[in-house]
Amino acid sequence: MGQVHNEIIPGRVLNSNMPDYDRAVAEFTWEDAERHFSWYDTGKVNMAFEAVDRHVLEGRGNARALLYSDASREEVYTYSDLMERSNRFGNVLRKYGIGKGERVFIFMPRQPELYFSLLGILKVGAVAGPLFEAFMETAVKDRLADSGAVALVTTPELLKRVKREELPELRHIILVGGDPDPDPDQGEISFEEEMASAPSDMELEWLGLDDGLIIHYTSGSTGKPKGVYHVQRAMIQHYYTGKIVLDLQPEDIYWCTADPGWVTGTSYGIFAPWLNGVANVIRGGRFSPLDWYKSIERNAVTVWYSAPTAFRMLMGAGKNSLEGADLSSLRHVMSVGEPLNPEVVRWGEKVYQQRIHDTWWMTETGAQLICNYPGMDIKPGSMGRPLPGIEAAILDDRGNVVPPYTMGNLAIRTPWPSMMKMIWNNPAKYSEYFRIPGWYISGDSAYMDDEGYYWFQGRIDDVINTSGERIGPFEVESKLVEHPAVAEAGVIGKPDAVRGEIIKAFISLREGYLPSAALKEEIAAFVKAGLSAHAAPREIEFKDKLPKTRSGKIMRRVLKAWELHLPAGDLSTIED
Ligand code: PRX
């Protein structure tokens with residue numbers, strides 16, 4: 001078991017007479033969240049209506065909804081603007097016969113059109129599939145093919161990475177960015193032209209709580225990435241946690257730094273803030289400490305949600321990056337994606353005069369579950385406690401609850417509103433998460449202390465978390481063995497001070513190839529070009545032979561033990 005931490009930092013709002021849970025529940029309940037939606041009156045919902053149109057119909061259309069900036073653009077859109085743009089895009093999709101339940105993917109940089117498109121997709125009842133701009137050919141193809149996407153919103157530049165000939169179901173390509181010459185024979189449509197002629201009002205598609213919302217591909221330890229499918233019901237939890245954990249108030253200016261290719265960038269970069277009607281800051285372009293701080297200052301950001309990697313980089317960038325930036329608007333800061341080191345929490349107190357609140361959840365859980373939320377005491381290094389109404393536990397492999405301070409499987413009692421509804425095309429994978437009746441098994445190991453705080457210990461499977469991004473070792477290994485020099489490959493996460501983990505590949509070479517630094521570089525570049533930069537191994541080590549089970553599975557556990565100079569454990573199934 002890891003080190004037990006006992007340090008306590010008092011929470012922001014303290015009323016020590018009332019237990020935290022009761023205090024939060026008294027202020028805003030799950031019932032309040034459910035009652036908020038039109039479903040409560042009509043039996044029907046639509047996320048885009050609840051997040052955008054509702055504010056306009058209730059007289060808040062002039063409130064600022066999207067504050068966008070990058071190196072060359074700076075734009076502000078009100079809720080009325082968002083309603084109008086998403087209506088138009090919804091009408092464009094309808095014109096081409098795209099409707100309820102169909103998958104429409106978005107593959108473009110963070111820019112306002114991404115957000116208009118996503119809302120328009122939801123308005124026709126289609127299921128949105130956002131992809132990271134960094135994805136290369138194989139990564140894009142695998143996701144579009146698996147989901148059977150019928151349409152893709154992208155830019156002419158990124159379209160070059162879409163292998164259309166291998167995607168028979170992909171009928172429409174909507175090109176953003178003034179492509180001068182879309183080819184209608186190839187199903188290409190100009191976003192700008194269609195938007196200009198589309199009607200600005202529409203009757204949106206009313207849906208049930210279990211109708212589709214969004215699909216996010218995420219990695220496991222075996223097989224291709226899994227399509228985690230979420231439904232409309234998730235809005236209850238997005239709205240609720242927006243109040244309880246993000247602490248959003250009508251006047252807030254909120255910034256979630258995540259890209260919508262990642263679940264944080266949709267659940268908390270789109271849904272939670274807009275359901276709660278706040279001004280949402282979107283910053284395009286790459287991470288840069290000074291730009292980020294300037295963005296906080298210029299927008300007067302009050303609530304900020306980011307990730308440990310970013311905080312560690314900001315910490316590393318030191319004082320100079322802060323020079324002249326006024327961060328005094330900040331009122332609440334949160335983190336997600338990987339363990340938040342206690343020293344980062346302490347640094348945040350000094351530099352931001354804010355305690356960074358850690359939050360734990362997963363793509364599959366759809367929304368936050370275990371958090372440090374306003375009103376509770378923070379223990380630096382702990383993910384916090386289950387939200388009111390959420391039951392967590394540490395289970396042994398047979399499903400028994402273990403005593404405090406014992407490490408085991410972090411599990412959540414099923415169901416909760418934002419729980420994934422399926423893994424697309426893969427019911428067997430889905431049921432693995434629910435193998436212990438009544439529980440969702442997260443794949444994380446953790447322990448609980450005697451005050452009900454949870455402490456993250458690691459992944460139980462081999463999934464690598466690098467800079468907050470989940471990388472499945474299998475996907476990287478599959479790409480590696482496509483390289484002509486590679487006979488076999490085993491991929492692990494190697495602990496790293498800034499990125500959490502980095503990808504390390506152990507490779508055995510085919511006959512006729514000799515180990516060299518140049519070959520390492522070539523192999524890393526090959527993965528980068530085929531999958532994405534963040535999936536490329538930062539370290540490669542050549543081995544004559546890799547440890548394998550008798551059934552031929554590479555034993556990553558043994559590779560990891562080699563790397564960390566630890567005992568390799570039970571080797572009874574090893575080949576020879
Ligand atoms: O291992 C946990 C880690 O990230 C995994 C989920 O990754 P993903 O689906 O990409 O979603 C992250 C954003 C919701 C978890 O299984 N993780 C997430 N939050 C934390 C964390 N590890 C430690 N502390 C956290 N707060």
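Helices and strands are DSSP runs numbered from the N terminus, and the views below show a predicted model.

**View 1. The loop between β19 and α15 (427–432) holds Asn425.** Phi of Asn425 is positive, about 65°, although the residue is not a glycine. Asn425 has 13 other C-beta atoms within 10 Å and is therefore partly exposed.

**View 2. Ala300 sits in the loop between α12 and β12 (303–306).** Ala300 is a residue other than glycine with a positive phi, near 55°. Because 14 C-beta neighbours lie inside 10 Å, Ala300 counts as partly exposed. Most residues other than glycine have a negative phi, and most peptide bonds are trans.

**View 3. A cis peptide bond runs from Thr414 to Pro415.** Its omega is near -15°. Pro415 is placed in the loop between β18 (408–413) and β19 (422–423).

**View 4. The shell around the ligand has 8 nonpolar, 8 polar and 5 charged residues.** Pro339, Trp360, Met362, Thr363 and Phe456 come nearest among the 21 residues around the ligand. At least two shell residues are supplied by each of α11 (263–275), β14 (356–360), β20 (439–448) and β21 (454–459).

View 5. The C-alpha centres of domain 1 and domain 2 are 25 Å apart.

Terms used
Residues are numbered from 1 along each chain as its sequence is written. This is a predicted model: local features need pLDDT of at least 70, side-chain atom pairs count only at pLDDT 80 or more; totals for chains, interfaces and linings use all residues. A residue is near a molecule or strand if its C-beta atom, placed from the backbone, lies within 6 Å of it. Helices (H or I, at least four residues) and strands (E, at least two) are DSSP runs, numbered from the N terminus. Ala, Val, Leu, Ile, Met, Phe, Trp, Tyr, Cys and Pro count as nonpolar, Asp, Glu, Lys and Arg as charged, and the others, Gly among them, as polar. Domain bounds come from an automatic or database domain assignment. A residue is buried if 20 or more other C-beta atoms lie within 10 Å of its own, exposed if 12 or fewer, and partly exposed in between; C-beta atoms are placed from the backbone.
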